[in-house]
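This report describes strand pairing, the nonpolar core, the disulfide and the aromatic contacts of the protein shown below. Please keep the sequence and the model in view while reading.

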Amino acid sequence: VQLVESGGGLVQPGGSLRLSCAASGGIDSIYVMGWYRQAPGKQRELVATITSGGNTNYADSVKGRFTISRGNAKNLVDLQMNSLKPEDTAVYYCNADLRPGATMMRGTYWGQGTQVTVSS
């Protein structure tokens, strides 16, 4: 199983970016997909998650500015980030809680991360 992120980059404060993540490989079921971030010198923190049923959860710091959504296929998840602030600068990681195969154990998988820098 691989999770591949795209869409990071440099943006000015107040700007927008859209991150995308695609899970590939033999996947039987995906239960939750989400985004986490880690800023320099800080612990990795939850940004937003979405369940297979469409229920979402956001960190207080991004509520009203970020929107998580599932793509057209069950293995895709996007994060629309608006009104970006310098404190949103971090490496953003895609995360998935999934079962690789019908007889395999459910587990948590991570992408390699994509840098988001908010600076003027």
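Two strands are said to pair if DSSP finds at least two bridges between them. Helices (H or I, at least four residues) and strands (E, at least two) are DSSP runs, numbered from the N terminus. The model is a predicted one, in which local features need pLDDT of at least 70 and side-chain atom pairs count only at pLDDT 80 or more, while totals for chains, interfaces and linings use all residues. Residues are numbered from 1 along each chain as its sequence is written, and side-chain values use heavy atoms, with hydrogens and water left out.

**Strand pairing**

Strands β4 and β5 run antiparallel and are joined by 6 bridges; Arg37 has Glu45 of β5 as its bridge partner. Their hairpin has 6 residues between the strands, and Gly41 there takes a positive phi near 75°. Strand β5 also pairs with β6 (residues 56–58), where Tyr58 is the bridge partner of Ala48. In the turn of this second hairpin, Gly54 has a positive phi of about 95°. Strands β7 and β8 form a further hairpin, in which Thr67 has Gln80 of β8 as its bridge partner.

| Strands | Sense | Bridges | Residues between strands |
|---|---|---|---|
| β4 and β5 | antiparallel | 6 bridges | 6 residues |
| β5 and β6 | antiparallel | 3 bridges | 4 residues |
| β7 and β8 | antiparallel | 5 bridges | 5 residues |

The loop between β8 (76–81) and β9 (90–99) contains Ser83. The phi of Ser83 is near 50°, a positive value in a residue other than glycine. Most residues other than glycine have a negative phi. Ser83 counts as partly exposed because its relative accessibility is 42%; buried means under 20% relative accessible area, exposed over 50%, and partly exposed in between (1.4 Å probe, protein chains only).

**Core and disulfide**

A nonpolar core is a set of buried Ala, Val, Leu, Ile, Met, Phe, Trp, Tyr and Cys residues joined through side-chain atoms within 4.5 Å. The largest one has 29 residues, and Trp35, Leu79, Met81 and Tyr92 have the most contacts inside it. Strand β9 gives the most to this core, with 5 residues. Leaving aside neighbours within four places in sequence, Tyr92 is in contact (heavy atoms within 4.5 Å) with residues including Leu19, Trp35, Phe66, Leu79 and Val116.

The whole structure holds 1 disulfide, defined as a pair of cysteine sulfur atoms within 2.5 Å. Cys21 is joined to Cys94 with an S to S distance of 2.0 Å. The two cysteines lie in strands β3 and β9, 73 residues apart. The link is left-handed, with -85° about the S-S bond. Both Cys21 and Cys94 are buried.

**Aromatic contacts**

Rings of Phe, Tyr and Trp (its six-membered ring) pair if their centres lie within 6.5 Å; planes under 30 degrees apart count as stacked, over 60 as edge-to-face and the rest as tilted. There is 1 aromatic pair in the structure. Tyr36 and Trp110 have ring centres 5.1 Å apart and planes at 70°, so they are edge-to-face. Tyr36 belongs to β4 and Trp110 to β10 (residues 107–110), 74 residues apart. Trp110 counts as partly exposed, at 37% relative accessibility.

A charge sits over a ring if NZ of Lys or CZ of Arg is within 6 Å of the ring centre and within 35 degrees of the ring normal. The charged end of Arg44 sits over the ring of Trp110, 4.6 Å from its centre. Likewise, the charged end of Arg106 sits over the ring of Tyr31, 3.8 Å from its centre.
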